[in-house]
Amino acid sequence: MSEKVVNLEINGRGFQAREGMTILEVAKREGIPIPTLCHHDALEPVGACRLCMVEITHPNWRGWKGLVTACLYPVEEGLQVTTESQEIHQVRKTILDLLLARCPDAPYIQKVAAEHGVTATSFKKNEVQTVCILCGLCVRVCAVKGCNAIGTARRGIRREIAAPFGMPPPDCIGCTSCAHICPTDAIPWEDVNGVRKIWDQEFEMVRCVSCGRPIMPVTQLEFEAKRAGISPDYMTTCPACSQQKTLETIRTAFTIKRPASEDAVEAAS
Amino acid sequence: MRINSVKSLTRAAGRARGERKRLETEVLVCAGTGCLANGSMDVAEAFLGAIRRRKLEARLKLGFKTTGCHGFCEKGPLVIIQPQGIFYKGVKAKDVKEIVDQTLLKGQVIQRLLYRDPNTKQRVEQYAEIPFYSKQHRIALRNIGKIDPKCIDDCLAVGGYTGLAKALTEMKPTEVIDAVTESGLRGRGGGGFPTGRKWKTCREAEDPTKYVLCNADEGDPGAFMDRSICEGDPHAVLEGMVIGAWAVGASKGYIYVREEYPLAVKHLQAAIEQARERGFLGDDILGTGFSYDVQIARGGGAFVCGESSALMKSVAGEVGEPRAKYVHSVIRGLYDKPTVLNNVETWANVPWIITEGAAAFASLGTKKSTGTKTFSLVGKVKNTGLVEVPMGITLREIIYDIGGGIIKNRPFKGVQTGGPSGGCLPEGKLDLPVDFDTLTEAGSMMGSGGMIVMDDRTCMVDVARYFLKFLVDESCGKCVPCREGVHQLHQTVNDICAGNGRPGDLERIEALSDVVVKASLCALGKSAPNPILSTLRYFREEYEAHINDRKCPAGVCRNLFTFRISPEICNGCGLCAKSCPVDCIAGEKKEVHVIDASVCTRCGACRNVCPTDAVEVI
Ligand SMILES: Cc1cc2nc3c(=O)[nH]c(=O)nc-3n(C[C@H](O)[C@H](O)[C@H](O)COP(=O)(O)O)c2cc1C
Ligand code: FES
C-alpha cells in the first residue's frame with residue numbers, strides 16, 4: 001500500500017488515511033459503523049453481499065454521486081462519504097429482505113435483518129431454502145489456509161458452496177476454519193470419539209500426549225507442520241496442556257532457582 | 001513468404017490482385033454458419049466437382065471460393081456470381097448443374113433462384129439492388145462475403161494490413177490514438193465507451209507490461225455479428241489488434257472466443273498462423289522491430305464471461321466472475337497489468353479508420369455516435385439477417401426498408417434492442433435515430449446489436465419474462481441483488497403470466513428493480529431489470545390487463561385468454577380444423593367453425609393458419 005496520506009470526509013467529519021485503504025477500513029478505525037456480511041479483516045474483500053454500500057461524491061465530480069461498496073472502494077484525496085441515508089437504508093433493507101427469502105430460518109440473518117427493521121421477508125420464499133448466504137468467507141479462508149478444498153459451483157440462484165464434483169474434497173484437512181468463519185453456521189461438522197466429520201469425510205484425530213483428548217485431525221497436523229517447516233511431534237500437546245506445562249515450568253523456575261531455559265527444554269522433550 | 005517492409009506488402013498485394021484480375025468469372029458460395037447449416041458445403045462441393053470435371057477453370061477463367069456470411073442467412077445457401085453480381089438464394093447441390101449450364105456457360109440468369117422482394121413481388125437479379133443490402137453501409141463487414149477468410153492473399157488483395165503498415169511506419173503510437181479518438185469510435189460491445197480514451201489511459205499507465213485483448217464472447221441469444229466477423233474476416237480483427245497494441249505499447253494479447261463458435265475459432269487460428277508466417281504478428285512485425293503476438297483463449301460460453309473483468313479472470317484460468325472495477329482494467333486488468341479490451345467489431349473498424357482517415361469515419365453517423373453499427377435483425381421481419389448501417393438511421397428504416405416490414409404485414413408492436421438486458425421500444429419510437437445515447441434515453445440500449453422485431457401477437461409481459469429467465473440463468477450468483485433480486489423479479493413476472501399477479505406487483509417490481517440497478521456488482525445485474533422496466537414504461541396497460549383483468553390481450557399467456565372464431569369473419573375454409581392438434585374445432589365446409597374452449601390448449605395453430613384472421617383472442 002502506498003505511503004501517501006489522503007484527506008477524506010465521512011459523514012461530514014474529516015479524516016486522514018493512507019491512500020488505497022478501503023472506506024470500510026477507515027470507518028472501522030474511526031468507529032463509524034457500516035454493516036457487512038461478506039467481509040473479514042483477514043481476507044480479501046469481494047463485494048458479494050452489498051450490505052456495506054455507502055454513498056460517495058467528490059468536489060471535482062460536478063455533483064455526481066453514487067453508491068459503492070465500502071469494503072472495496074479505495075479512498076482518495078477529497079473523497080466525501082455518507083454512510084447513512086434513506087437510499088442506503090432502502091438498499092440494505094432490500095438486501096436483507098432478499099436474504100430472508102433465501103434463508104428464513106437463519107438466526108443470524110434474522111437478527112441482522114431485524115436490526116435494519118426487517119422482521120419478515122416481503123418476497124416469496126425461495127423454493128430451496130438454506131442457511132448459506134453465499135458470502136464466500138469459507139472459500140476464501142480455505143484458500144488462505146492454502147488448501148483450496150472447497151469452492152463455488154453452478155451459477156445464479158443455483159450457486160452453492162461445494163467440494164469439487166460434489167465428492168468429499170480430497171484437499172480438505174478437516175481444520176473447520178470454514179465452519180468457524182461462517183456467519184450463519186451453515187457448514188455442519190462434529191467431533192465424535194476421536195473422529196472429526198466435515199464435508200462428508202471422516203478424519204482421525206491426533207490425541208494430546210498428556211491428556212489424551214483429541215486435538216486436531218492427523219491430516220491437519222501434517223499439513224500445518226509441513227507449512228511451518230517443523231516436525232509434527234512438536235504439535236502433539238493440546239493447547240490446554242501446553243498452557244498447563246508452561247505454567248508449571250514458570251512456577252518451578254521461580255521456586256527452585258534454576259535457569260528457566262533448561263526447564264523449557266525439559267518440558268518440551 | 002515473410003513480408004518485411006511496406007514495399008514488399010504492396011508487392012504481395014499487387015500479386016494477389018493480379019491473380020484475381022486474371023479471372024473472368026468468380027463463383028462465391030457463402031460458407032457462413034447459417035448457410036453451412038442449410039447445406040452450403042454440398043453446394044460448394046458440387047461446384048468444385050463440376051469445375052474439375054468440365055475443366056471450367058481454364059475454359060472460363062473461372063475462380064471459385066467459399067466466403068464468410070453475407071448476412072442474409074435466412075435465404076441461404078447463397079451463391080454469388082461476379083462480376084455480374086448475380087445473387088442466387090436457397091441454392092441446392094442439385095441446382096449447380098443448371099447454374100453452370102445456364103449462367104456460367106450461357107450467361108443466362110435463372111429466375112427461380114433469384115430473390116423475390118416480399119413487398120413488390122419482383123425478382124431481383126443484382127446483389128446490390130436487393131433492398132436488404134442497398135441501404136447498408138459496410139465498414140466492419142467490408143470484406144465479408146467477398147474474400148475467402150482462410151486465405152491471407154485474398155485478404156491482402158482487398159487491402160488487408162495496409163492500415164497496419166501505415167500505423168507502424170507513418171504514425172507514432174500517440175498519433176494512432178489521436179486518430180481513433182478523432183474518429184469518435186465507441187466500443188461496439190455494448191458500453192459504447194470511447195475507444196481512443198481507453199487506449200490513451202492504458203498507454204499512460206505506468207506498468208510497462210500491457211495487454212491488448214479482443215472480446216469475442218458474444219453471449220447474447222440470437223446475436224451473431226462478432227461471430228460472422230471472426231468467421232468471415234478474421235484478419236481485420238487481427239490487424240486492428242496489432243494497431244491497438246502498437247498504440248498502447250502491448251506485446252501480447254488474447255482473443256477470447258466461446259467454444260460454441262468452432263468455425264470462428266478455426267478461422268481465427270488459421271489467420272493467426274498465416275499472419276505470423278507473413279510477419280504481421282509475432283516478432284519484428286513488417287520489419288519495424290515492433291513485436292506483438294496473439295493467442296486464442298477459449299471460453300465455456302457463459303454470458304457473464306463477456307463482462308470485461310470476468311473475461312480477464314477466465315483468460316487467466318480463474319473462475320469467470322466479475323469483480324468491482326473501482327480500479328479500471330486499463331490500469332489493472334489481465335494479470336493485474338494495464339489492459340485494453342475491445343469488442344470484435346470495434347477492432348474490425350480500426351484498420352479502416354487508419355487507412356481511410358478519422359474524418360471519413362466521423363463523417364458517418366451522428367455527432368456522438370460516429371460510423372456504422374452491425375445488427376442482427378431477427379424476429380417478425382420479412383428479411384432477417386446481419387446488417388450494417390450508419391449510426392443515426394431510424395429504427396423504421398432498419399425494420400421496414402432493410403427488414404422489409406413485418407411478416408404477413410401484421411401490425412408492429414415493439415422492437416427489442418441491446419441484447420437480453422436491453423429494452424423494448426414501441427411504435428411511437430420507430431423514428432428515433434439509432435445511436436448510443438438516444439437508445440439509452442428511450443429506456444433501451446445499443447448493446448452489442450441484437451434487434452428483435454415483434455408483432456401484435458407478442459405479449460410484452462411474456463417477453464420480459466423470457467429475458468429475465470435468461471438473466472437468472474446467466475447471473476454468476478456472486479452478489480445478492482443480482483442473484484436473489486433478479487430471481488425474485490422473474491418469479492413475480494412468472495406469476496403475472498400465469499394469472500397469479502397481485503395488486504401492487506408492479507410497484508414492488510419497480511422498487512426492487514431500483515435496488516438491483518443500484519447495488520449489483522457488475523453491469524449484468526445493473527442492467528438486468530431493463531426488460532421489465534422498459535416494457536413497464538411503454539406497455540404498462542398490458543401488465544395491468546394481466547393482473548387486474550386476468551387477460552393476456554396478445555393471446556400468449558395460456559391461462560389468461562381463450563380463442564374464439566368470429567362468425568362474422570370466418571369463411572369456413574376449414575384450415576383451422578385441420579391444423580388443430582387436439583381436434584377441438586368443428587364446422588362444415590363453407591360454414592362458420594367453432595372452437596370447443598374446454599378442450600383447446602391455446603397453442604395458436606389455428607390463429608396462425610387462418611387466412612382471414614377470424615381467430616380472436618377473448
Ligand atoms: C454481462 C455482460 C456481458 C457482456 N458480453 C460482451 C460480449 O459478449 N462481447 C463484448 O464485446 N462485450 C461484452 N460486454 C461488454 C464488455 O464488458 C466490455 O465493455 C467490452 O468488451 C469492451 O469493448 P468495447 O469498448 O470495444 O465495446 C459484456 C458486458 C456485460 C456486463
Ligand atoms: S461487506 Fe462489502 S459487499 Fe459484503
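Let me begin with what I call a helix or a strand: helices (H or I, at least four residues) and strands (E, at least two) are DSSP runs, numbered from the N terminus. With that in hand, look at helix α14 of chain B, residues 308–315, which is followed by B:Gly317, a residue whose phi is positive, near 90°.

Before going further, please keep in mind that this is a predicted model, in which local features need pLDDT of at least 70 and side-chain atom pairs count only at pLDDT 80 or more, while totals for chains, interfaces and linings use all residues. Residues are numbered from 1 along each chain as its sequence is written, chains are lettered from A and ligands numbered from 1 in the order in which they are written, and side-chain values use heavy atoms, with hydrogens and water left out.

Staying with α14(B), six of its eight residues are buried, where buried means under 20% relative accessible area, exposed over 50%, and partly exposed in between, with a 1.4 Å probe and protein chains only. The buried ones are B:Ser308, B:Ser309, B:Ala310, B:Leu311, B:Met312 and B:Val315, and they pack against β7, β8, β9 and β10 of chain B, contact here meaning heavy atoms within 4.5 Å.

Which residues come nearest to ligand 1? Of the 18 residues around the ligand, they are B:Gly189, B:Glu218, B:Asn342, B:Asn343 and B:Thr346, a residue being near if one of its heavy atoms lies within 4 Å. The shell divides into four nonpolar, nine polar and five charged residues; Ala, Val, Leu, Ile, Met, Phe, Trp, Tyr, Cys and Pro count as nonpolar, Asp, Glu, Lys and Arg as charged, and the others, Gly among them, as polar.

As for polar contacts, meaning pairs of N or O atoms within 3.5 Å, an oxygen atom of ligand 1 is 2.7 Å from a polar backbone atom of B:Gly189, and a nitrogen atom of the ligand is 3.3 Å from a polar backbone atom of B:Gly306. Taken alone, ligand 1 exposes 610 Å², of which the protein buries 89%, by the Shrake-Rupley method with a 1.4 Å probe.

Now to another helix of chain B, α23, residues 530–548, where B:Thr535 has its place. Is B:Thr535 buried or exposed? B:Thr535 is buried, with a relative accessible area of 0%, and its side chain reaches the backbone oxygen of B:Pro531 at 2.7 Å. Leaving aside neighbours within four places in sequence, B:Thr535 is in contact with B:Cys424, B:Met460, B:Ala464, B:Arg540 and B:Tyr543.

Finally, the strands, which pair if DSSP finds at least two bridges between them. Six of the eight residues of β11(B), residues 372–379, are buried, so this strand is largely enclosed by the rest of the structure. β11(B) pairs with β12(B) in the antiparallel sense over six bridges, with B:Lys373 opposite B:Val389, and a hairpin joins the two through five residues. β11(B) also pairs with β15(B), here in the parallel sense over four bridges, and B:Ser376 stands opposite B:Gly450. Elsewhere in chain B, β1 and β2 run parallel, joined by six bridges, and five of the six residues of β2(B) are buried.

How values were computed
A polar contact is a pair of N or O atoms within 3.5 Å; within protein, one must be able to donate a hydrogen and the other to accept it, and residues adjacent in sequence count only if both atoms are side-chain atoms.
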